[in-house]
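I opened the model today to look up the ligand site and the helix packing. My notes follow in the order I made them.

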Amino acid sequence: MMKKIIITIDGWSSCGKSTLAKQLAKELGYIYIDSGAMYRAITLYFLRHHIDWTNNEEVQKALENISLEFNYNAKSGQSEIFLNGESVEYMIRDLVIAENVSEVATIKIVRDFAVAVQQKMGKKKGIVMDGRDIGTTVFPNAELKIFMTADISVRVERRFKEMFEKNPNITIEEVKNNLEMRDYIDSNREVSPLRKAEDAIVIDNTHISMEQQLKFALNLLEENK
Ligand code: CDP
């Protein structure tokens, strides 16, 4: 059997990172970790408990009461994030979370908290993790790093379709504004901004199919051996 490695996938909002990460995890028998789900779950906790996240002390106290884990749901065949024992996988995809998560993700102690959990999950290797800073900060020594991108119009359309299924009141403009706002905050923040790691390989999936992107990534693995 091939030696287990760490694969990181970073990139812009809604450009197909999790699709590729899930494809690779399935193909290789690896664990898929959605690091964005952690920032979303933390944001959900802050909103529910009315935490003033401009106040570092309050944030610190709140983090002490947060435990995050991923569990496999046999029914859906997907792994789900649990916030203090409750599955919040569905709830964290709401627009209200998307509208606040990037601000929460700028906070250094929030990032330190999430990164520590992520690094622990990578100890045994055999994982694919997607996010914004996985190849740069979380696993700078990962064996394979991918940076994904796609045209904004394609990204907006894909995310709109996903969100419209759950909430028919949502508009294209809301989705577009949210993606652009998050991309801006994510790439301009002080701590671990969204960047392509120097040794990451770019996949632009604007014009390629899901099968093609998987094939491309598997070829990278072969070359990597
Ligand atoms: O699925 P999508 O690409 O829209 O976003 P996500 O992966 O669920 O991440 C949600 C937000 O969490 C991002 O816009 C970032 O603000 C933050 N995030 C981060 O700062 N670092 C990560 N490693 C992952 C997500």
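In which sense, left-handed or right-handed, does helix 4 pass helix 8? I find a left-handed crossing for helix 4 and helix 8; a crossing is left-handed if the near helix is turned anticlockwise from the far one by less than a right angle, and right-handed if clockwise.

Before going on, I note that this is a predicted model, in which local features need pLDDT of at least 70, side-chain atom pairs count only at pLDDT 80 or more, and totals for chains, interfaces and linings use all residues. Residues are numbered from 1 along each chain as its sequence is written, and side-chain values use heavy atoms, with hydrogens and water left out.

Helix packing. Axes here are lines fitted to C-alpha atoms, for helices over the stretch in contact, and angles run from 0 to 180 degrees between N-to-C directions. Helices are DSSP runs (H or I, at least four residues), numbered from the N terminus.

Next I took helix 3 (residues 56-64) and helix 5 (residues 108-121), which pack at about 20° with axes 9 Å apart. Helix 3 and helix 5 are therefore roughly parallel, and their crossing is right-handed.

For helix 2 and helix 3, I noted axes that come within 11 Å and cross at roughly 110°. That makes helix 2 roughly perpendicular to helix 3. Helix 2 passes helix 3 in a right-handed crossing.

Ligand site. I counted 19 residues around the ligand, the closest being Arg40, Arg111, Arg159, Asp186 and Arg189 (near means that a heavy atom of the residue lies within 4 Å). By class, I list 9 charged, 6 polar and 4 nonpolar residues in this shell (Asp, Glu, Lys and Arg count as charged; Ala, Val, Leu, Ile, Met, Phe, Trp, Tyr, Cys and Pro as nonpolar; the others, Gly among them, as polar).

Which helices supply at least two residues each to the shell? I find helix 2 (35-48), helix 4 (95-104) and helix 8 (172-188). Helix 2 gives the most, with 4 residues.

I then checked polar contacts (pairs of N or O atoms within 3.5 Å). The side chain of Arg40 has an N or O atom 2.6 Å from a ligand oxygen. A polar side-chain atom of Ser102 lies 2.8 Å from an oxygen atom of the ligand.

Note on methods:
Polar contact = N/O pair within 3.5 Å; in protein donor to acceptor, adjacent residues only side chain to side chain. Parallel < 35°, antiparallel > 145°, perpendicular 65-115°, else oblique.
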